[in-house]
Amino acid sequence: APKLFSSEFEVYESSPYGTPIGDGMVAEDRDEGDTLLFAIVDGNIGNAFRIGGCSGELSVNEPVMFDYEARQAILLTIGVTDDGQPPLNDTALALVHILDVNEAPVCSVGMERSILENEAAGSPAGQPLTASDPEKQSLRWTIEFGDESGVVYIDAAGYIRVQETSKVAIPGSTINFEARKSYQLGVRATDDGVPPLSCTTTVTLTIKDSNDAPTKPATPPVLFIQENSDPGVIVARFPLVDEDTIAAGSNDSVTLSIVPGSPGYDELTMAHDPRTQEAVIRATSVNLDFEASPSFIVQYTATDAGGNARAPPKGFTANFTVQLININDPPTFTHPNASAIELTIGEHAAAGTPLRRYTGDGQAPGVAEYAVAYDPEGNSFAFDVDAFCTMSEASLPVGDPARCDVAASRQRQAEGTQGVPPFTAHPTLGNLTMRDNSMLDFETDQVVMLYVRARDTGIPPVSQHLTVRVHLIDENDAPVMTCPTDTAEGKHAATLAPLTIAGKPFRACRTFQMPETSIAGYRSPGFLLAATDEDNNQVEFQVVTGMIGGDEALPAGYADGSELFEAKNSMAGGYVPGELAVKVGGKFDFETRPNVVLLLRAYDLPSKPGWTSNMSEPVLVVVELTDVDEAPQWRTDADGKVHRFVSTNFEAGAHIGKVLPAFDPEGASVIFTLEGSSTLFEVDSATGQLSLKTALPGTAAIGDTFELDLTVSDGEKEQRFNGIVVVKVVPPNNPPVVADQSATVAENSPAGTLFGDVLTATSGDAGQTVSFEIESSVPAWGVDAIQVSPAGQLSVKADMLDFENTTTIVLSAYAVDSDQAAPAYSPFTITVTVSDADDMPECVSGGLVVSETVRFNDTVRVGDIFCADQDLDSFTVGVPASLANAFSVTDETEPRFANNSINAWLNSTSNNTDPASLELRSAVLDFLVRHQATDVRRFAVFAFDQATDLMDYENKSSVPLHSYHLPIERRDALTRQADVLVMLEDANEP
């Protein structure tokens, strides 16, 4: 049988897999040639070992089982077996000693600690740092990175603590919340094994805010301040830091106060400027006087508000030295010698009226007052009034932002929030007088303060002020006409264009509608003039005459109503005071001047003895006439008749002059009827052409006249005019001979374009010449589009020609001879063919609206415009290059979207009745008549921030009010430009 010998081995803990353990087990067998096989029989806990079957060598199989701290040895039973017959075996023990090895500690992760700023050296940041060491060895902590200035350290127990000032890496460094709110510290824990091992981790150290006390200056400042500094002026600064007030949005503040009783308490004030971290010293109204005290020490306190953390306040008491600089002293007032005197003046006193001494309410004013002063240095000086306050403003406590004094008044004047003072002082005599009474109102402030200044010519110039209290005397105030704003009438009035009358712009204050046929005495239902009067006097009204200057002084479509209306101020005749009534009827015509304008004033009836009546500023009233169906009228000669001439040689059927000049004010067709049973004359009922029914009888002599009675009708109303047409017999005159003629003109031709051959006609009598006139046309608007010169040259009168709408215009014209006594007219027609040309793309707006202010770097959608080209050409739409930084136009071409958008807009505005919406809808509907829905394209209009400089809601000259005219370029083969209207919305502006 084999023999196995027990053995002892050693192995280091944590040895890796496969590590050999010793030289192997020793065995012997007397039978030569037997092969021995080794195996672990028992004790192999956790399968820690493996053994070579032939060699008997032990090695590591599971490294985790070799942990010195868990076990120091393992006892194995090893077996050996030979391969003889029968096989024999033996067992022995193998004792394996596990040797200890130093292992690295394990640091905790995600550790967070916090500490207040300004803590004393050695103060801990919460609990100690944690790490575990397998050998339970002592650990030493170090900071590897994250604290370059060295303001913290870690002690032997693992506490993060505040470093001593003398040991910081960067001198002067501290833990300061305002400078740094957290640290990411890289830390290392090292054991005391052999060799020493370590672990690393990161720790978040959060710094908590605490109240930083204001920093007391190391050395008391010495401040050099000029004597006699003006009240409120900053006279000195010195550094004073409170870190809690530096950051934007800080909640802390520092209160600086001069200690009561300290020198400078009355002459100086202190405040802390957080922007510059300085103490700011200002002068008060108590003068600093070098002659009285050239230098003094000021004691002050500085106290914060508890910091942003709202801790208990901190502060200090310190001092600074003031060294006054001797400068030029101001003049000294000697008369009046009081610091404040009482004067009086009427609230509406004229410029130059002297202020007089106040002797009491209701008492007659005393003598005119003046100022007297002298200058200590003998410099020359001048008086003026440079500040003005109301008594109520001047009485407010110091520190109230509404309080007024010399400095506040001068500041407001500089900013433009207060006008120059209403009073003035003679520069040398000191006489105090009214300059401008527009700022004075007894009903608002019965007492005001003026500040008379004496300013010398020294170097530098200095001044002294005399405070004067002025009691205003109540005087009759002019009434003020009331213009409604929030009512329907007021909103409508705001849409009317402004008018310039006698060089002054007027906007409509009041407006109402009235039939054009209104007679004397007519009053608009519910229309009442209104005015206010501060003195509660009775107010009456009057129409201002002579100021407008007649119809011709007004734009087309406006009539002067100054002589046509009167204001009612009593109940007489059944009127109500304040009503406006027609004074002269029959002078209104909707068709020629649909708007009648007049100016009105209010005047008061003073209730106090001695007061005289005052009148308000005139206001504009616009009367909008409404159309009334009227019978046709005549355009007559100066004598009220229509004159025609018939030559003795005219034959039956000959036309007698031009068609009769009757017209319907509403534009309807006129029907002519010749009354009586005339055997000589007849009239074409449709055209009004008068002609001979039969030749003149032989008894007709040159100079004979025939008076004709005619009735004219528009189909609804008719009127007979007796003797309206006078036909006079004149010597023989043959009419010109003319044939119908034709010409061609291109659409879109501008006004003044000549076209066609010169018209031709032959005079009926030798020695005469022929001229040409156009009487009417089909369509009717042709006479507004085409004109002819007397010599027969056709030309475009207005740019109205459109091939897509009208290709032919037939003009009814006359060839007229030059007979001085009775020119003969020969009618003929001119057929004008309109040829096709490139049409400009047409655009309409669905209502563009934008705020007058576009925010910085913003882009806003203003609205949509819809465009189409009658020629179906391709085209683009945009803004001129000069506006490319302010506006843009984006093509949203899909026709289906354009059609849906335009229909949605029409539906959404179907119930709108305001004039602007009705005009927009009419334009869009006309546009859709001219273009197929599939040809319409939609374009979006955008505004950029730079458009703000171009748009102004408050612009009073814009027509209509609150609008901007945006140029839009339409580009096909040509580039043409037209404006679209953008309505502005008001925005709050600085």
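Predicted model: local features only at pLDDT ≥ 70, side-chain atom pairs only at ≥ 80, totals over all residues.
**Exercise 1.** Is Tyr 300 buried or exposed?

*Solution.* Buried means under 20% relative accessible area. Tyr 300 has 0% relative accessibility, so this residue counts as buried.

**Exercise 2.** Determine how the rings of Tyr 300 and Phe 320 are arranged, and which parts of the chain they link.

*Solution.* Step one concerns the count: the structure holds 17 aromatic pairs. Step two concerns the geometry. The ring centres of Tyr 300 and Phe 320 are 5.6 Å apart and the planes stand at 45°, so this pair is classed as tilted. Step three places the residues: Tyr 300 belongs to strand E23 (residues 295-304) and Phe 320 to strand E24 (residues 315-325), and the pair links distant parts of the chain, 20 residues apart. Phe 320, at 0% relative accessibility, also counts as buried. Finally, Tyr 300 and Phe 320 form one aromatic cluster with Phe 238 and Phe 316.

**Exercise 3.** Classify the pair formed by Trp 634 and Phe 672, and state where each residue lies.

*Solution.* Planes over 60 degrees apart count as edge-to-face. The planes of Trp 634 and Phe 672 meet at 70°, with ring centres 6.2 Å apart, so the pair is edge-to-face. Trp 634 is found in strand E45 (residues 633-634) and Phe 672 in strand E48 (residues 671-674), so the pair ties together parts 38 residues apart in sequence. Trp 634 has a relative accessible area of 11% and is buried; Phe 672, with 5%, is buried as well.

**Exercise 4.** Which rings lie under Lys 181 and Lys 568?

*Solution.* Lys 181 lies over the face of Phe 177, 4.6 Å from the ring centre. The charged end of Lys 568 is placed over the ring of Tyr 575, at 4.5 Å from its centre.

Note on methods:
Residues numbered from 1 in each chain as written. Heavy atoms only, no water. Phe/Tyr/Trp six-rings, centres within 6.5 Å; stacked < 30°, edge-to-face > 60°. Helix = DSSP H or I, 4+ residues; strand = E, 2+ residues; numbered from the N terminus. Buried < 20%, exposed > 50% of the residue type's maximum accessible area, 1.4 Å probe, protein only. Lys NZ or Arg CZ within 6 Å of the ring centre and 35° of its normal.
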